Amino acid sequence: MAIGYRIMISPDDFDDITANGVKDYDAYFGTPTYDDHVLFELLVVGILQVGLGWRVAASQLPVLRQHMAGLRVDAVAALDEPDFERLMLTPKVMHNGRKLRAIIQDVRAIQQLQDEYGSFSNYLWAFVDATPIIMPAPDDELPTRSPLGARVAKDLHRHGLTFVGPVVTHMFLLAAGLIKLN
């Protein structure tokens, strides 16, 4: 994965359902991200990545955009049981019911965070006082945990999110640019 700062992500950057999700995710990994839609997509990769590699998880982005209402926060939050059942039968969609349910549950929790903090972005960036924290990367390895990831994971759980343990949350914070490796 490429690590470092790039141009700010636009909410429209992830609209293309024919895009290569792996290239999208890799290109934006580490970019400070303030858009709730993009943050949600980066979190979706984290959820899907549990037990898998990031490339497999990121490859699902275009598929899920196509079959989960563009992965738009309000639209995904409105999905119901018949939508879930449809997803479980849709070819190319990762058929892991726990992860698909987590995506829907988590986006509903994100809506509550938006109501409480004005945006999911405001909530997240408050953990770092609006400035990415610098974390050493010994031997050019990508660290998989951090105290910040553990703290944010605990708070995300408190707000009703699932599949956001310390490792997933740390990697999500790296992907969203809240943590910058030095």
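Tutor: The structure holds 5 aromatic pairs; rings of Phe, Tyr and Trp (its six-membered ring) pair if their centres lie within 6.5 Å, and planes under 30 degrees apart count as stacked, over 60 as edge-to-face and the rest as tilted. One of these pairs is F120 with Y123, which is stacked, at 6.3 Å centre to centre and 10 degrees between the planes. This is a predicted model, in which local features need pLDDT of at least 70, side-chain atom pairs count only at pLDDT 80 or more, and totals for chains, interfaces and linings use all residues. Residues are numbered from 1 along each chain as its sequence is written, and side-chain values use heavy atoms, with hydrogens and water left out.

Both F120 and Y123 lie in helix α8, 3 residues apart, about one turn of the helix. Helices (H or I, at least four residues) and strands (E, at least two) are DSSP runs, numbered from the N terminus. F120 and Y123 are both buried, where buried means under 20% relative accessible area, exposed over 50% and partly exposed in between (1.4 Å probe, protein chains only).

F120 also forms a stacked pair with F172, at 6.2 Å centre to centre and 15 degrees between the planes. Because F120 lies in helix α8 and F172 in helix α10, this pair ties together parts that are 52 residues apart in sequence. The relative accessibility of F120 is 0%, and F172 is buried with a relative accessible area of 1%. One aromatic cluster is formed by Y117, F120, Y123, F127 and F172.

Apart from its neighbours within four places in sequence, F120 is in contact (heavy atoms within 4.5 Å) with D36, L39, L43, I110, L113, Q114, L156 and F172. F120 also belongs to the largest nonpolar core, which has 58 residues; M68, I103 and F120 touch the most other members. Such a core is a set of buried Ala, Val, Leu, Ile, Met, Phe, Trp, Tyr and Cys residues joined through side-chain atoms within 4.5 Å. The largest share of this core, 9 residues, comes from α2.

Next comes the packing of α2. The axes of α2 and α10 come within 9 Å and cross at roughly 145 degrees; axes are lines fitted to C-alpha atoms, for helices over the stretch in contact, and angles run from 0 to 180 degrees between N-to-C directions. In this contact L39, L42, L43, G46 and I47 of α2 meet V168, F172 and A175 of α10. Its residues divide into 7 nonpolar, 1 polar and no charged. Here Ala, Val, Leu, Ile, Met, Phe, Trp, Tyr, Cys and Pro count as nonpolar, Asp, Glu, Lys and Arg as charged, and the others, Gly among them, as polar.

α2 also packs against helix α7 (residues 97–117), at an angle of about 145 degrees and with the axes 10 Å apart. D36, F40, L43, V44, I47 and L48 in α2 meet K99, A102, I103, D106, V107, I110 and Q114 in α7. The residues of this contact divide into 9 nonpolar, 1 polar and 3 charged.
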